[in-house]
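Me: I am new to this structure and would like to go through it step by step. Could we begin once it is on the screen?
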Amino acid sequence: MQSLFDTDGEIEALAPGAVLLRGRALGVDAELLATIEAVAQAAPFRRMVTPGGFEMSVAMTNCGAAGWITDRKSYRYTAADPGSGKPWPAMPAVFLSLARDAATAAGFEGFVPDACLINRYETGARLSPHQDRDEASYDHPIVSVSLGVPATFQFGGPRRSDPMKKAALRHGDVVVWGGPSRLAHHGVLALKSGEHPLTGRCRFNLTLRKAF
Ligand code: SIN
Ligand code: FE2
């Protein structure tokens with residue numbers, strides 16, 4: 001089956017265990033953006049350095065019990081923001097309910113994330129293909145929410161050599177992957193110049209995961 005319809009919008013299959021839920025976050029978009037702003041007040045966006053010594057083009061912050069970081073030592077989750085030494089801001093209720101709702105729509109019942117990585121892309125920022133594999137267990141799905149300027153998402157398979165599909169991710173779109181796609185490679189092509197009434201020239205992405 002290529003695509004289905006439910007009450008909230010179109011569901012597009014990307015791969016076994018991976019779906020794109022078009023516009024799933026539209027009903028809470030302004031609330032999500034206001035919440036991102038509040039999180040960033042307490043834990044500012046920063047461009048982190050990879051273990052290989054490269055500064056990422058995407059600026060990041062986190063909320064939830066676990067926050068994803070990278071530095072010269074490793075990629076890992078921490079309970080505290082290394083910038084301030086304080087715990088990451090608490091997981092907002094609106095993030096939890098959207099993650100649970102989207103995961104359920106994708107066939108993953110009872111998802112309770114403890115980590116939300118917040119990515120901010122400016123023009124030209126990109127994320128090269130990678131797997132999300134710093135979590136304690138791969139039994140839980142990943143819920144990824146797009147806000148603002150559209151981007152091109154690449155989604156492949158568990159092997160780096162697997163072919164990658166391209167999908168346009170627009171404001172309010174939600175991608176969920178888990179099960180046979182949990183370790184699929186994925187990335188984001190360089191953000192094209194653009195403007196969105198709610199985010200200006202930026203794209204934001206929420207990546208909700210169960211890390212600990
Ligand atoms: C990620 O892979 O962590 C983020 C994906 C995205 O920005 O859409
Ligand atoms: Fe990722």
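Me: How are the donor residues of the iron ion (ligand 2) spaced in sequence?
Reply: The spacing of the donor residues is H-x1-D-x53-H. Donors are N, O and S atoms within 2.8 Å of the metal (3.2 Å for Na, K and Ca), and water is not among the atoms, so sites may look incomplete. Please note that this is a predicted model, in which local features need pLDDT of at least 70 and side-chain atom pairs count only at pLDDT 80 or more, while totals for chains, interfaces and linings use all residues. Residues are numbered from 1 along each chain as its sequence is written, chains are lettered from A and ligands numbered from 1 in the order in which they are written, and side-chain values use heavy atoms, with hydrogens and water left out.

Me: Which residues coordinate the iron ion (ligand 2)?
Reply: His130 (NE2), Asp132 (OD) and His186 (NE2) coordinate the iron ion (ligand 2), at 2.1 to 2.2 Å. His130 belongs to strand E8 (residues 127–130) and His186 to strand E13 (residues 186–188), 56 residues apart, and the pair links distant parts of the chain. Helices (H or I, at least four residues) and strands (E, at least two) are DSSP runs, numbered from the N terminus.

Me: What are the angles among the four donor atoms?
Reply: They range from 89 to 176°, and the site is irregular. Four donors count as tetrahedral if all angles lie between 85 and 135 degrees; four count as square planar and six as octahedral if opposite donors are over 155 degrees apart and all others between 65 and 115; anything else is irregular.

Me: Is His186 buried or exposed?
Reply: His186 is buried, with a relative accessible area of 5%, whereas His130 is partly exposed, at 22%. Buried means under 20% relative accessible area, exposed over 50%, and partly exposed in between (1.4 Å probe, protein chains only).

Me: What is the order of the strands in the open sheet of four?
Reply: The order is E8-E13-E10-E11, with antiparallel pairing. E8 and strand E11 (165–169) stand at the edges with a single partner strand each, so one side of each has no neighbour in the sheet. Two strands pair if DSSP finds at least two bridges between them.

Me: How many bridges join E8 to E13?
Reply: Two bridges join these antiparallel strands. His130 has His186 as its bridge partner in E13, and His186 in E13 is also the bridge partner of Phe155. Between E10 and E13 there are three bridges, and between E10 and E11 there are five.

Me: Why is strand E10 described as largely enclosed?
Reply: Four of the five residues of strand E10 (residues 151–155) are buried, so the rest of the structure largely encloses this strand.

Me: Changing topic, where does Asp114 lie?
Reply: Asp114 lies in the loop between helix H2 (93–105) and strand E7 (115–121). Asp114 is buried, with a relative accessible area of 13%. A polar atom of its side chain lies 2.6 Å from the backbone nitrogen of Ala211.

Me: And where does Ser57 lie?
Reply: Ser57 is in the loop between helix H1 (29–42) and strand E4 (59–64), and counts as partly exposed at 29% relative accessibility. The side chain of Ser57 reaches the backbone nitrogen of Arg126 at 3.0 Å. Between the C-alpha atoms of Ser57 and Arg120, 63 residues apart along the chain, the separation is 9.2 Å.

Terms used. Polar contact = N/O pair within 3.5 Å; in protein donor to acceptor, adjacent residues only side chain to side chain.
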